[in-house]
Amino acid sequence: MRIALGVSGGVAAYKAAELVRRLQQEKLDVQVVMTRGAQEFITPLTFAALTGNKVITGLFGDKEASANVESAIEHIAVAQRIDLLVVAPATADVLAKLANGIADDFLTTLYLATKAPVIIAPAMNVNMWEHPATQKNIETLRARGVRVVQPDEGYLACGMVGPGRLAGIEAIASAVCETLGLRHDLEGLTVLVTAGPTVEDVDPVRVLTNRSSGKMGYALADAAARRGAHVILISGPTELRAPAEVDWLPVRSTEEMHRTVRERASGADVVIMAAAVADYRPASPEPKKIKRGTGKMMLELEPTADILAELGRNKGSKILVGFAAETEHLAENARHKLTAKGADIIVANDVTQEGAGFDTDTNIVVLFSRDGRETALPRMSKFDVANRILDQVAELRLAQLGKGVK
Ligand code: PMT
């Protein structure tokens, strides 16, 4: 998710740097927008170094950039791109402009141009804060749906004591998380996710594999990490980059995946098998390249270990989620896999459906639970599917805690 952080000109502007760091812990991409006043207190370079993004300091960009159309309409592009605008610190001047629709710099123009939710964290001298003009502006903004993080009371930079100090970083960050619907309901849990294909050698040149891109599994790993879990991602070969702060373990064959899952599953509270694991592998891979002949060629295959079923047999209090990649009889096959593999949830996808299954950014799934619930989800991004699966995992975990399971 991408948010814009508006920094306006007060002593508390330096605290915005700390806020950037805190928001990055939530995996948010932060675009900083500074008013002219803010630049008197802290340099754009600080925020550029922290965020890795260009800091926006004016409506018309730098002189060279202002000659192009892109720069002139940047506020519209940013307004459409962001999921949230947070202004911290918000001075009395900025509050007045926002309340009255004055758009004379990038930040105030962005406020008018965006449809994203807005949070403001005011900071100013106590008399300015308590002034009826400021209070009226606050009420106007609140009535418009803007969320206000009340300033704290205490010693102010001007030497006075009272309300007006920028709210604590945690208070602002939790307003951001709540507004964005970021949950921490998997905190304290270790979630093991498998992703991608497995690859079985036929000879040193040829392999047996499948069309899994890893997108579904990586989305699950990303979503679980964002919700506070410690994530172990065991991945077959993919072109994807592992999400930050995930324990990433690359594997190639089913045997390697099996071994790695075995090693790591004992420490996991939740295992989600999204990988497309080979059911068969060449019985005796050739050490040298198989030469072309004239007639037909037979390749003898032997079954691989069923990793999910093995986990199901030794489940204990682990929550086990398997997938079912089907091309027909989706419900019937998924219900069978639910019991045969001893899973708590089977996520079934019909991989022949457009927008579902292999190497797509979206998926269309039905969740089959052990308690008989069947939840059909419409086509949605794999990240959203991942969150819907994790919602059910979190529910199961709560139910376990209710029964005293640690
Ligand atoms: O990676 P993407 O391109 O994003 O595609 C996503 C996906 C289609 C791969 C994913 O949504 C999916 O369906 N994954 C499971 C694919 C699969 O192997 O399904 P299956 O019905 O053959 O296996 C059932 C379950 O048993 C799966 O959880 C699988 O991981 C597991 N299994 C299968 C074989 C085996 N030897 N060991 C296993 O543990």
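**From terms to values**

Student: What makes S19 and S20 a pair?

Tutor: Two strands pair if DSSP finds at least two bridges between them. S19 and S20 are joined by three bridges, in the antiparallel sense, so they pair.

Student: What should I know about the model and the numbering?

Tutor: This is a predicted model, in which local features need pLDDT of at least 70 and side-chain atom pairs count only at pLDDT 80 or more, while totals for chains, interfaces and linings use all residues. Residues are numbered from 1 along each chain as its sequence is written, and side-chain values use heavy atoms, with hydrogens and water left out.

Student: Why is S19 described as largely enclosed?

Tutor: Buried means under 20% relative accessible area (exposed is over 50%, partly exposed in between; 1.4 Å probe, protein chains only). Five of the five residues of S19 are buried, so the strand is largely enclosed by the rest of the structure. In a regular strand the side chains alternate between the two faces of the sheet. Val365, Leu367 and Ser369 lie on one side of S19, Val366 and Phe368 on the other, and all are buried.

Student: Why are S12 and S20 called edge strands?

Tutor: The open sheet has eight strands in the order S12-S11-S8-S13-S16-S17-S19-S20, with mixed pairing. S12 (247-250) and S20 (374-376) each have a single partner strand, so one side of each has no neighbour in the sheet. From one strand to the next, the twist averages 15°.

Student: In which sense do S16 and S17 run?

Tutor: S16 (residues 319-326) and S17 (residues 345-350) run parallel, joined by six bridges. Glu326 stands opposite Asp350 in S17.

Student: What packs on this sheet?

Tutor: Helix H14 (residues 330-340) packs on the sheet, touching S16, S17, S19 and S20. Its direction makes about 155° with that of S17. Helix H15 (residues 382-402) packs there too, touching S13, S16, S17, S19 and S20.

Student: Why is H1 called roughly parallel to H3?

Tutor: Angles under 35 degrees count as roughly parallel, over 145 as roughly antiparallel, 65 to 115 as roughly perpendicular and the rest as oblique. Helix H1 (residues 15-25) and helix H3 (residues 44-51) pack at about 10°, with axes 10 Å apart, which makes H1 roughly parallel to H3.

Student: Which residues meet there?

Tutor: From H1 they are Ala16, Ala17, Val20, Arg21 and Gln24; from H3, Thr46, Phe47, Leu50 and Thr51. The contact divides into five nonpolar, three polar and one charged residue.

Student: Why is Thr35 called buried?

Tutor: Its relative accessible area is 7%, which falls under the 20% limit and therefore counts as buried. Thr35 lies in the loop between strand S2 (29-34) and helix H2 (38-41). Leaving aside neighbours within four places in sequence, Thr35 is in contact (heavy atoms within 4.5 Å) with Val7, Ser8, Gly9, Val94, Asp105 and Leu107.

Student: Is Met34 buried or exposed?

Tutor: Met34 is buried, at 2%. Met34 is found in S2, and residues it touches, not counting those up to four places away in sequence, include Val7, Ile42, Phe47 and Val55.

Student: Where does S2 stand in its sheet?

Tutor: S2 is an edge strand, as is S5 (147-148), each pairing on one side only. The order of this open, parallel sheet of five strands is S2-S1-S3-S4-S5.

Student: How much of the chain counts as buried?

Tutor: Of its 406 residues, 51% count as buried. The C-alpha atoms fill a box of roughly 85 × 55 × 35 Å, taken along the principal axes.

How values were computed:
Helix = DSSP H or I, 4+ residues; strand = E, 2+ residues; numbered from the N terminus. Axes fitted to C-alpha atoms, helices over the stretch in contact; angles between N-to-C directions. Nonpolar A, V, L, I, M, F, W, Y, C, P; charged D, E, K, R; others polar.
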